[in-house]
Amino acid sequence: MIRRPPRSTLFPYTTLFRSGVVTRGSVACFVRRESGRLGNSFASAVRPAQKFMGFLLFFTTFSLFLSTVAQVNGAILKTISRNDLDSVSKINEHLLVVFVTKDCDVCTEAETQLSLLAKGDFEDAFPVTIVRVVDMDLPRSLGIATSPPVIFFYRHRNPVVYDGRIEAAAVNEWISYNHESSLKILNDENFEHLTQAGSGATTGDWLVIFCDARGGSCVRFQPIYETVASKLKGRLNVAFVDTSNNGDLFNRFSLDKPLTIILFRLGKMYEYSIDKIDIASLTSFCLGWYKNVEGTRVPLQPTPFDLLTSHVATLLKDSHFYLIASIFIIGMLGLILAVVIMTCSESKTKAKKDLKPRKKE
């Protein structure tokens, strides 16, 4: 059996109080004295931490102040001129441009949001240069927007227009979705293979822009074509054909204008005949407005013989070739006529010789 120790062993302080060696007053003095020492030690340890926290708070406040000043002065984003935009887009594969005006609070907020994109994860995949242009002439000339800010995203010089709320997260997601152009390039060789316009259109509907790349309309409306292609991606294909280098398609669809836009759907084609070319109108045309246009059957892909006769007809329309061909034909006819005359003359001479009587021997 375990014996319990004496009570004095378990409670030594109680034994001291009972014996009178320690009084309550002496204990109280001891506690006050030790508490004061501990308080002084704690205070001396806390003072440096308080000084550091104060300095850190001051530094943070000052940095925020400088950042605010930079935002107000438009110093967050690099500014380029409208004339330099083309050259800057050449040397930057991915270029984000925000078009703004002076003394614009909304523009300042947009620039602040775009400045946060430099910390986005998309930069790990491909670098994006962000600049601003203090000029709204380009967006207004395209009918894209009349009030700032407007964002263009150039991918290898192919611009697409952003039309959402300008927030860093939303723009970041949109950039990732549009990091490559959605506008396809068609030519004489791949048109029928990709679109299957004349054989059933099993690859879906196609909005095709037939345009002479040497003209100004192709370059001018490129942001609109690219944006429509981005908006309709997954529902409809948008493509571009340079008619200056693809004569077979030019002749197949009897293109007689510098710019022709045709929707190919289920073996029929619907020509866009509205004078106004903008994002909303083209998108509406593809999604249902085309039903107001009379559709025509898609011409079949020409055979090699058709292509040969077409090329000959095209060459004959050329005045220089016509002149050369006429001279060649006349020369050939003259040569043939000369040969015929010479042949006839020789035949007559031989016949006369044969008719002369032979001398008797």
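**Notebook: disulfides, a strand residue and a surface patch**

I began with the link between Cys 211 and Cys 218, where the torsion about the S-S bond is about -130 degrees, so this disulfide is left-handed. The model I am reading is a predicted one, and I keep that in mind for every entry below.

**Entry on the disulfides.** I reminded myself that a disulfide is a covalent bond between the sulfur atoms of two cysteines. How many disulfides does a search of the whole structure find? The search gives two. In the one that joins Cys 211 to Cys 218, I noted an S to S distance of 1.8 Å, and I found both Cys 211 and Cys 218 to be buried.

I then turned to Cys 104 and Cys 107, whose sulfur atoms lie 2.4 Å apart, and this pair counts as a disulfide because the sulfur atoms are within 2.5 Å. The angle about the S-S bond is 75 degrees here, and the link of Cys 104 and Cys 107 is right-handed. Cys 104 has a relative accessibility of 14% and therefore counts as buried, since buried means under 20% relative accessible area. When I numbered the bonded cysteines of the protein chain in sequence order, I wrote the pairing down as 1-2, 3-4.

I also looked up Cys 286, which has a relative accessible area of 7% and so is buried.

**Entry on Val 161.** I located Val 161 in strand S5, which covers residues 158-162. Is Val 161 buried or exposed? With a relative accessible area of 5%, Val 161 is buried. Leaving out residues up to four places away in sequence, I listed what Val 161 touches, and the list holds Ile 144, Val 150, Ile 151, Phe 152, Trp 174, Pro 223, Thr 227 and Ile 279. I also checked Pro 139, which is 22 residues from Val 161 along the chain, and the C-alpha atoms of the two are separated by 9.3 Å.

Last, I looked at a nonpolar surface patch of about 760 Å², to which Phe 328, Ile 329, Met 332, Leu 333, Leu 335, Ile 336, Val 339 and Val 340 contribute. Why does Ile 336 count as partly exposed? The reason I wrote down is that Ile 336 has a relative accessibility of 49%, and exposed means over 50%.

Key: Residues numbered from 1 in each chain as written. Predicted model: local features only at pLDDT ≥ 70, side-chain atom pairs only at ≥ 80, totals over all residues. Heavy atoms only, no water. Patch = residues over 30% accessible without salt bridge, like charges linked within 9 Å, V, L, I, M, F, W, Y side chains within 5 Å. Areas by Shrake-Rupley, 256 points an atom, 1.4 Å probe, with all protein chains shown as cover. Salt bridge = Lys/Arg side-chain N within 4 Å of Asp/Glu carboxyl O. Buried < 20%, exposed > 50% of the residue type's maximum accessible area, 1.4 Å probe, protein only. Helix = DSSP H or I, 4+ residues; strand = E, 2+ residues; numbered from the N terminus. Contact = heavy atoms within 4.5 Å.
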